[in-house]
Amino acid sequence: MSGTTPAEALEALRERGWTLGVAESLTGGAVCAALVAVPGASAVLLGGVVAYATPVKHTLLGVDTELLERYGPVHPEVARQMAAGVREAVGVDGLPADVGVSTTGIAGPESPDGQPVGTVHIGVVTPTVSRTRPFRFEGDREAVRAQTVAAVLDVLAAALRE
């Protein structure tokens, strides 16, 4: 990973004239917190949704119920649908955010569904890109969450370069 800073990610969005929505599960608002720490973030960041409980991923972000029932919340397609859904959820005046990013994964200390602790999927949806990226982070709960926040910024920056 390249180590994209929150300020760099916001500037790349601003340069394109794009707005951002953030959907978080395991990071619990840490991505939004990192972004809003940057002065002027409100020019780009429309808002975020912390969809920690699995049903909230469906009710607030529109993630397919059958997908959640079949695979659980830690799945690449769940991440992609979260990123797509947050664009609508934070939209303004009937227009979605231009970009949505999402985090879903298992920070530990235990795994509720048998997937390894540190399994993370990040989704990003822009007007030109719709993808997910899997990760397997090491360390304790705090380390997994911190690595996820850093990875979101890198995944976002990479999508914006396309």
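## Helix α5 and its pair

Glu 77 comes out partly exposed, at a relative accessible area of 26% (buried is under 20%, exposed is over 50%, and partly exposed is in between, with a 1.4 Å probe and protein chains only). Arg 80 falls into the partly exposed class too, at 25% relative accessibility. Their side chains meet in a salt bridge, with 2.8 Å from N to O (the term takes a side-chain nitrogen of Lys or Arg within 4 Å of a carboxyl oxygen of Asp or Glu). Both Glu 77 and Arg 80 sit in helix α5, residues 76-89, and 3 residues, about one turn of the helix, separate them. Helices here are DSSP runs of H or I with at least four residues, strands are runs of E with at least two, and numbering goes from the N terminus.

A word on the ground rules: this is a predicted model, where local features need pLDDT of at least 70, side-chain atom pairs count only at pLDDT 80 or more, and totals for chains, interfaces and linings use all residues. Residues are numbered from 1 along each chain as its sequence is written, and side-chain values use heavy atoms, with hydrogens and water left out.

## The other salt bridges

How many salt bridges turn up in a search of the whole structure? The count is 3. One of them joins the side chains of Glu 11 and Arg 14, at 2.4 Å from N to O. Glu 11 is partly exposed at 30% relative accessibility, and Arg 14 is partly exposed at 47%.

Arg 131 bridges to Glu 162, with the closest N and O atoms 2.8 Å apart. Here the pair ties together distant parts of the chain, 31 residues apart: Arg 131 is in strand β5 (residues 130-136), while Glu 162 is in the segment after α6 (141-160). Arg 131 is partly exposed at 32% relative accessibility, and Glu 162 is partly exposed at 48%.

## The largest pocket

The largest pocket holds about 250 Å³ of space. Pockets come from a 1 Å grid over the protein atoms alone: a pocket is an open set of points where a 1.4 Å probe fits, with protein on both sides within 12 Å along at least five of seven lines, and lining residues have an atom within 4 Å of a point. The volume is the space filled by probe spheres set on the points, which are joined across faces, edges and corners.

Of the 16 lining residues, Ser 25, Tyr 52, Gly 105, Ile 106 and Pro 112 are the closest to the centre of the largest pocket. Helix α3 (54-59) and strand β3 (99-105) each put at least two residues into the lining. By type, the lining splits into 7 nonpolar, 5 polar and 4 charged residues (Ala, Val, Leu, Ile, Met, Phe, Trp, Tyr, Cys and Pro are nonpolar, Asp, Glu, Lys and Arg charged, and the others, Gly among them, polar).

Thr 103 has its place in strand β3 and is buried, at 1% relative accessibility. The Thr 103 side chain makes a 2.8 Å polar contact with that of Thr 27.

Pro 109 lies in the loop between β3 and β4 (119-125) and is exposed, with a relative accessible area of 75%.

Technical notes:
A polar contact is a pair of N or O atoms within 3.5 Å; within protein, one must be able to donate a hydrogen and the other to accept it, and residues adjacent in sequence count only if both atoms are side-chain atoms.
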